[in-house]
Amino acid sequence: MSDHTKIIHAGRNSPSMEGAVNPPIHRASTILFEQAEDLYSSAPVRHYGTQGMSVHDALRDAICELEQAYSVVLTNSGLAACTMPLLAICSAGDHVLLSDNSYGPTRQFCEQHLARFGVTTQYFAPDIGANITRLIRPETKAIFMESPGSLTMELTDIPAITAIARERQIWTMVDNTWGAGWFLKPIQMGVDFSIQAATKYPCGHSDVLLGTIAAGSKAASKLLKMYDRSSGNFTSPDDTWLVLRGLRSMGTRLERHQRNALIIAKWLSARKEVAQVLHPALPEHPDHELWSRDFTGSSGLFSFLLHPVAEQNVLDFLNALQVFSLGFSWGGFESLAIHCDPQLVRSQTNWQGRGPLIRLSIGLEDENDLITDLQQALEKLS
Ligand SMILES: Cc1ncc(COP(=O)(O)O)c(C=O)c1O
């Protein structure tokens, strides 16, 4: 069955929906029991609100189907989804390998918090491939990848790394926010945990923070659920409901994000102010072959490098944008732009790009309006 069909029907089987298309929002901490015998029995589905209600079941089931996973845990933000598997896996003395293009706060968590518990983090070049073997130590417990990285759009050879990790019983995880569980299926590649900031494409409306962790096997699921239950993690039923509602239209939105982003990426490639467009679906992208092999499409986030100009020119360009807004998130219906220096969130490998990097999250607007906006703003550079 196509994902376009799955995304409409997945997670909609609960009798608690009482015939409605969408599940109810139950706000519950206490769950009441009819019989004293049930209090400590494993028979009832729920004993306490932290286990979630039917809306949580519905979203977990829907993501599980999309990611082709064994089970799913929801978290209160995308960042919490990145950190939870590491917390579930690592003990004092362990070693973690983290891709050098990873989302900045994931890195900070490793450096500031895993380090306090005696866990060492080492970064690897996103294009390391099978050479990851050289960095593996007896105490390596987890390999964290983000492909493509959400600033520089560098890809990682997920199957190559996963195959090596499996041989050595090292857990693997991928931040799959860009692929959205739609264009990339990491669990089918043998990855243990596929992580998403559902804040982005599944929500799609820029008004909710939520994360999902899809576990690929019974063992991965058991490890994650043990941590989930005892860590106090919980997502509000309202936020969960909003993400579920957003998810139903995600496939259709992604088609338009993809189309718009490709049109704009190609248009930018021909501009004299632009040194390089970093979009993996463009044949000239250094990791295009890897993208064609592993992904079935591309989402709306990409970056481009301007020819070197003064920082004030970059700010003038951003300030001139009228249809694009300035903001750090992505995946919503509205187009966003930021500038950044990737070297600031990198430590092991040098960012080779020359000139200021602009990241665009392409929304659902008419592509011609977006192009007109970029055109008039680029003219501020000359
Ligand atoms: C690649 C990536 N992963 C994870 C996150 C974290 O998501 P959240 O904002 O929901 O914590 C972000 C947020 O921007 C992100 O870009």
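Hi everyone, let me start with one arginine: Arg46 counts as buried because its relative accessibility is 19%, and the cut-off for buried is under 20%. Before I go on, please keep in mind that this is a predicted model.

So who is the partner of Arg46? Arg46 forms a salt bridge with Asp57, with 2.8 Å between the closest N and O atoms. The two residues sit 11 apart in the chain, Arg46 in the loop between α1 and α2 and Asp57 in helix α2, residues 54–67. Asp57, at 23% relative accessibility, counts as partly exposed. As a general point, side chains of opposite charge can pair when their charged atoms come close.

Another of them joins Glu154 to Arg346, where the closest N and O atoms are 2.9 Å apart. Here the separation in the chain is 192 residues: Glu154 belongs to the loop between β4 (140–146) and α5 (158–167), and Arg346 to the loop between β11 (336–340) and β12 (357–361). Glu154 is buried, with 15% relative accessible area, and Arg346 is buried as well, at 9%. Then we have Arg271 and Glu273, whose side chains meet in a salt bridge at 2.8 Å, N to O; both residues are buried. And Asp3, Lys6 and Lys185 are linked in a salt-bridge network.

Now, the domains. The chain is divided into domain 1, 3–247, and domain 2, 250–381. Their C-alpha centres lie 27 Å apart, and the contact takes 37 residues from domain 1 and 41 residues from domain 2. About 3,500 Å² is buried between them, and carbon and sulfur atoms give 62% of that area. Which residues of domain 1 lose the most area to domain 2? They are Trp178, Phe183 and Tyr201, together 25% of what that side buries.

On the polar side, 24 residue pairs are in polar contact across this interface, counting pairs with both residues at pLDDT 80 or more. Helices α1 (3–9), α4 (104–114) and α7 (237–247) each supply at least two residues to the side of domain 1 that touches domain 2. That side divides into 20 nonpolar, 12 polar and 5 charged residues. The salt-bridge count between the two domains is 2.

Last stop, helix α7, where we find Thr240. Buried or exposed? Thr240 counts as buried because its relative accessibility is 0%. Beyond its neighbours within four places in sequence, Thr240 is in contact with Val55, His56, Leu59, Leu74, Leu210 and Thr235.

Thanks, everyone!

Technical notes. Residues are numbered from 1 along each chain as its sequence is written. This is a predicted model: local features need pLDDT of at least 70, side-chain atom pairs count only at pLDDT 80 or more; totals for chains, interfaces and linings use all residues. Side-chain values use heavy atoms; hydrogens and water are left out. Domain bounds come from an automatic or database domain assignment. Contact means heavy atoms within 4.5 Å. Buried area is the accessible area (1.4 Å probe) that two parts lose on being put together, summed over both. A salt bridge is a side-chain nitrogen of Lys or Arg within 4 Å of a carboxyl oxygen of Asp or Glu. A polar contact is a pair of N or O atoms within 3.5 Å; within protein, one must be able to donate a hydrogen and the other to accept it, and residues adjacent in sequence count only if both atoms are side-chain atoms. Helices (H or I, at least four residues) and strands (E, at least two) are DSSP runs, numbered from the N terminus. Ala, Val, Leu, Ile, Met, Phe, Trp, Tyr, Cys and Pro count as nonpolar, Asp, Glu, Lys and Arg as charged, and the others, Gly among them, as polar. Buried means under 20% relative accessible area, exposed over 50%, partly exposed in between (1.4 Å probe, protein chains only).
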